[in-house]
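The following report is intended for a reader who meets this structure for the first time. Please consult the sequence and the three-dimensional view while reading.

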Amino acid sequence: TFLRWAGGKTWLKKIISNYLPEHFLNYHEPFLGGGSIFFQIQHTGTNHLSDLNKDLIDTYIQVRDDVGAVIEHLRQFRNTEDDYYRIRDLEYNNPSQKAAKFIYLNMTSFNGIYRVNRKGKYNVPFGRRYSIDFVQEQTLRLATQKLRGAELIQRDFEDAIALVRRDDFVFLDPPYTVAHYDNGFIGYNQKLFSLEDQYRLAECLRHLNQIGARYILTNAKHEKIEEIYAGVGNFITLERMSLIG
């Protein structure tokens, strides 16, 4: 992956092979984010990739279709605080410039968080990661190879799952966050993925069971989650270090 993504599944890559189906036709990932699992999986079918974040999907499309232009635009940027805030405020019309800006801000911002204000403007502060290689030419070109032929669309997860067919495989990594002390979902998560969305997703998994598709869903180990998804699939509990402050 060429992106840092809060809640990303880089940590899961080493062990996910233990849980993958031996054979499957097409691959679907409705919460693409940084794409760690997509870039890990090897198969011969079609990749159907989507996310609600339009800027993210547009960036993947440019890396797939015109990575050379994205790299050239990235090379024009400088990793200084002044440059960061200047570039953050710029509005580009050229798709490859917009993609380069997205990657640059992602790599040089604080914690790689994607956050916008009420006007939809990206507002994450400078990360002071002065030694980072934000151009990542080799990584970007490898990503282009993996993305060739992939379908990339901005859409809701329910619309994405409606395209799944028998013997396909779906990896689902919704933006879940639970409070650790008051037994409930934290307030701001309602804007990312609400409790109602969890219920919708559970219904989608029941649909996948009915049509004979395979899936892995990651979620928080929380009593409400266990209640919502009771009887839908098999629960496996994993532990990891949290890298988010």
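## Helix α2 and its partners

In this predicted model, Tyr 60, Val 63 and Arg 64 of helix α2 meet Leu 140, Ala 143, Thr 144 and Leu 147 of helix α6, where contact means heavy atoms within 4.5 Å. Helices are DSSP runs of H or I with at least four residues, strands are runs of E with at least two, and both are numbered from the N terminus. The axes of α2 and α6 lie 8 Å apart and the two helices pack at an angle of about 95°. Such axes are lines fitted to C-alpha atoms, for helices over the stretch in contact, and angles run from 0 to 180 degrees between N-to-C directions. The helices α2 and α6 are therefore roughly perpendicular to each other; angles under 35 degrees count as roughly parallel, over 145 as roughly antiparallel, 65 to 115 as roughly perpendicular and the rest as oblique.

Helix α2 (residues 54-65) also packs on helix α5 (residues 95-108), their axes coming within 9 Å and crossing at roughly 115°. This pair, α2 and α5, is therefore roughly perpendicular as well. The crossing of α2 and α5 is left-handed, a term used if the near helix is turned anticlockwise from the far one by less than a right angle, with right-handed used if clockwise. On the α2 side the contacts come from Asp 55, Leu 56, Thr 59, Gln 62 and Val 63, which meet Pro 95, Ser 96, Ala 99, Phe 102 and Ile 103 of α5.

## Basis of the model and numbering

Residues are numbered from 1 along each chain as its sequence is written. The model is predicted, so that local features need pLDDT of at least 70 and side-chain atom pairs count only at pLDDT 80 or more, while totals for chains, interfaces and linings use all residues; side-chain values use heavy atoms, with hydrogens and water left out.

## The five-stranded sheet

Five strands form an open sheet with parallel pairing, in the order β3-β2-β1-β4-β5. Two strands pair if DSSP finds at least two bridges between them. The edge strands β3 and β5 (214-217) each pair on one side only. From one strand to the next, the twist averages 15°.

Strand β1 (residues 27-29) runs parallel to β2 and is joined to it by three bridges, with Tyr 27 opposite Asn 47 of β2. Two bridges join β1 to strand β4 (residues 169-172), also in parallel, and there His 28 has Val 170 as its bridge partner. Strand β2 is linked to strand β3 (residues 151-154) by four bridges, again in parallel; His 48 stands opposite Glu 151 of β3.

## The enclosed strand β2

Is strand β2 buried or exposed? Five of the five residues of β2 (residues 47-51) are buried, so the strand is largely enclosed by the rest of the structure. Here buried means under 20% relative accessible area, exposed over 50% and partly exposed in between, with a 1.4 Å probe and protein chains only.

In a regular strand, side chains alternate between the two faces of the sheet. Both faces of β2 are covered: Asn 47, Leu 49 and Asp 51 are buried on one side, and His 48 and Ser 50 on the other.

## Salt bridges

The model has 15 salt bridges, each defined as a side-chain nitrogen of Lys or Arg within 4 Å of a carboxyl oxygen of Asp or Glu. One of them joins the side chains of Arg 75 and Glu 137 at 2.4 Å, N to O. Arg 75 lies in the loop between α3 (67-74) and α4 (81-89) and Glu 137 in helix α6 (residues 137-147), so the pair ties together parts that are 62 residues apart in sequence. Arg 75 is partly exposed at 35% relative accessible area, as is Glu 137 at 29%.

Another salt bridge joins Glu 158 and Arg 200 (2.6 Å, N to O). This pair links distant parts of the chain, 42 residues apart: Glu 158 is in helix α7 (residues 157-161) and Arg 200 in helix α9 (residues 195-211). Within α9, Arg 206 and Glu 203 lie three residues apart, about one turn of the helix, and form a salt bridge whose closest N and O atoms are 2.7 Å apart. Salt bridges that share partners also join Glu 72, Arg 75, Glu 137 and Arg 141 into one network.
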